[in-house]
Amino acid sequence: MAEPRPTRTGFGRVLVAVYATFALAATARAAVQLLTQYSEAPLAYLLSAVSAVIYVVATGALAGRGPRPRAVALAAVSFELIGVLVIGTLSVLDPAAFPDQTVWSGYGQGYVYIPLVLPFVGLYWLYRTAGRVRG
Amino acid sequence: MIDGLANTISAAALVVAAVTAVLAYLQRRTPGVVTVAVLAVAAAVVVQAVIALVQLIAGHHPQEIATFIGYLLFSMLVLPATLAWAKAEPGRWGNGVLAVGCLTVAVMIVRMGQLWDVVGG
């Protein structure tokens, strides 16, 4: 298996569907927060917008074909993992800074912790489909 | 929103999600009747969105109206997009995609109901 396989087919098709769901949820949430209550917690809402961008980019890249989308997907999913861990920790340590839930608050507890599990699944899928001969 | 309609849509979406999850597990092709069921739920979602829109214009003000309208608009798009994305692989993984889409719609309708019942400013 020297050739990389597409990330968008097979299990990847379901993965892209889940990523698209979170792209939708995070984008809608960030849009509402930024448009209606930006001044209440600018940092938290900007981070919420960053999470939305990451999900949108990851969805598009995982649904794409070829080496460049794969590289973009790897970067986006890695950033997503760091994001959910950092924002999750910050929101637990300093709840006052996050008055409103973001997708990554409390490690994604508002979304039955799927945001915490998703980047691990994404990285596993990118690894599985990479097709490089290791040794 | 009409509670009875919203509850019926959520329940139907959950049933279709469960059926497609089982079909995915069994690695079966998506039967035509399941596609029709998804289309029926998609149509019902549009009907209930139009009803909610009319009620909003008539003066009902749910809490977090911006969030509610976001749910209202996106709830109509989820299942058509799901069907299009699932179509390319009508076996195990297409069924998996349908399960994800139906579950998403069920959750969105429940969230809309929660926002609707808390009347805000």
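1. Where does A:V112 lie in chain A? A:V112 is found in the loop between helix 3 and helix 4 of chain A. The model is predicted, so read this note as an account of a prediction. A:V112 counts as exposed because 10 C-beta neighbours fall inside 10 Å. Its backbone deserves a look. Phi of A:V112 is near 40 degrees, a positive value in a residue other than glycine. Most residues other than glycine have a negative phi.

2. A:Y107 belongs beside that point. This residue sits in the loop between helix 3 (67-93) and helix 4 (114-130) of chain A. Phi of A:Y107 is near 55 degrees, again positive in a residue other than glycine. What of its surroundings? A:Y107 counts as partly exposed because there are 18 C-beta neighbours inside 10 Å.

3. Next, confidence. The mean pLDDT of chain B is 94. In chain B, 98% of residues reach 70 or more. For the complex, the predictor gives an ipTM of 0.91 and a pTM of 0.92. Where pLDDT is low, the predicted coordinates should not be read in detail.

4. Now the helix packing in chain A. Helix 1 (residues 11-37) and helix 4 of chain A pack at an angle of about 145 degrees. Their axes are 11 Å apart. The crossing of these two helices of chain A is left-handed. Helix 1 of chain A brings A:F11, A:G12, A:L15, A:V18 and A:F22 to the contact. Helix 4 of chain A answers with A:P115, A:L118, A:V121, A:G122 and A:W125. By class, the contact of helix 1 with helix 4 of chain A has eight nonpolar residues, two polar and no charged.

5. After helix 4 of chain A comes a segment that holds A:G131. Is A:G131 buried or exposed? A:G131 counts as exposed, because 10 C-beta neighbours are found inside 10 Å. A:G131 and A:I82 are 49 residues apart in sequence. In space, their C-alpha atoms are 25 Å apart.

6. Turn to chain B. Helix 2 of chain B and helix 3 (residues 65-87) of chain B pack at an angle of about 165 degrees, with axes 9 Å apart. That angle makes the two helices of chain B roughly antiparallel. Helix 2 of chain B passes helix 3 of chain B in a left-handed crossing. Which residues meet here, in helix 2 and helix 3 of chain B? From helix 2 of chain B they include B:V38, B:V41, B:V45 and B:A49. From helix 3 of chain B they include B:L72, B:S75, B:L79 and B:L83. The residues of this contact between helix 2 and helix 3 of chain B divide into 13 nonpolar, one polar and no charged.

7. B:A43 lies in helix 2 (residues 32-57) of chain B. B:A43 is exposed, because 12 other C-beta atoms lie within 10 Å, and a residue with 12 or fewer is exposed. B:A43 and B:P80 are 37 residues apart along the chain. Their C-alpha atoms are separated by 9.7 Å.

8. Helix 3 of chain B also packs against helix 4 of chain B, at an angle of about 170 degrees and with axes 9 Å apart. This pair too is described as roughly antiparallel, on account of that angle. Among the residues that make the contact are B:F68, B:Y71, B:L72 and B:W85 of helix 3 of chain B. Helix 4 of chain B contributes, among others, B:V97, B:M108, B:R111 and B:W116. The contact of helix 3 with helix 4 of chain B divides into 15 nonpolar, six polar and two charged residues.

9. B:L103 is in helix 4 of chain B. B:L103 counts as partly exposed because it has 19 C-beta neighbours inside 10 Å; a buried residue needs 20 or more. B:L103 and B:V15 are 88 residues apart along the chain, yet their C-alpha atoms are separated by 9.2 Å.

10. Last, the contact between the chains. How many residues does the contact take from chain B and from chain A? The contact takes 13 residues from chain B and 13 residues from chain A. On the side of chain B that touches chain A, helix 3 and helix 4 (92-117) of chain B each supply at least two residues. That side of chain B divides into six nonpolar residues, six polar and one charged.

Definitions and conventions. Residues numbered from 1 in each chain as written. Chains lettered and ligands numbered in written order. Predicted model: local features only at pLDDT ≥ 70, side-chain atom pairs only at ≥ 80, totals over all residues. Helix = DSSP H or I, 4+ residues; strand = E, 2+ residues; numbered from the N terminus. Axes fitted to C-alpha atoms, helices over the stretch in contact; angles between N-to-C directions. Parallel < 35°, antiparallel > 145°, perpendicular 65-115°, else oblique. Left-handed = near helix turned anticlockwise from the far one by under 90°. Contact = placed C-beta atoms within 7 Å. Nonpolar A, V, L, I, M, F, W, Y, C, P; charged D, E, K, R; others polar. pLDDT = per-residue confidence, 0-100.
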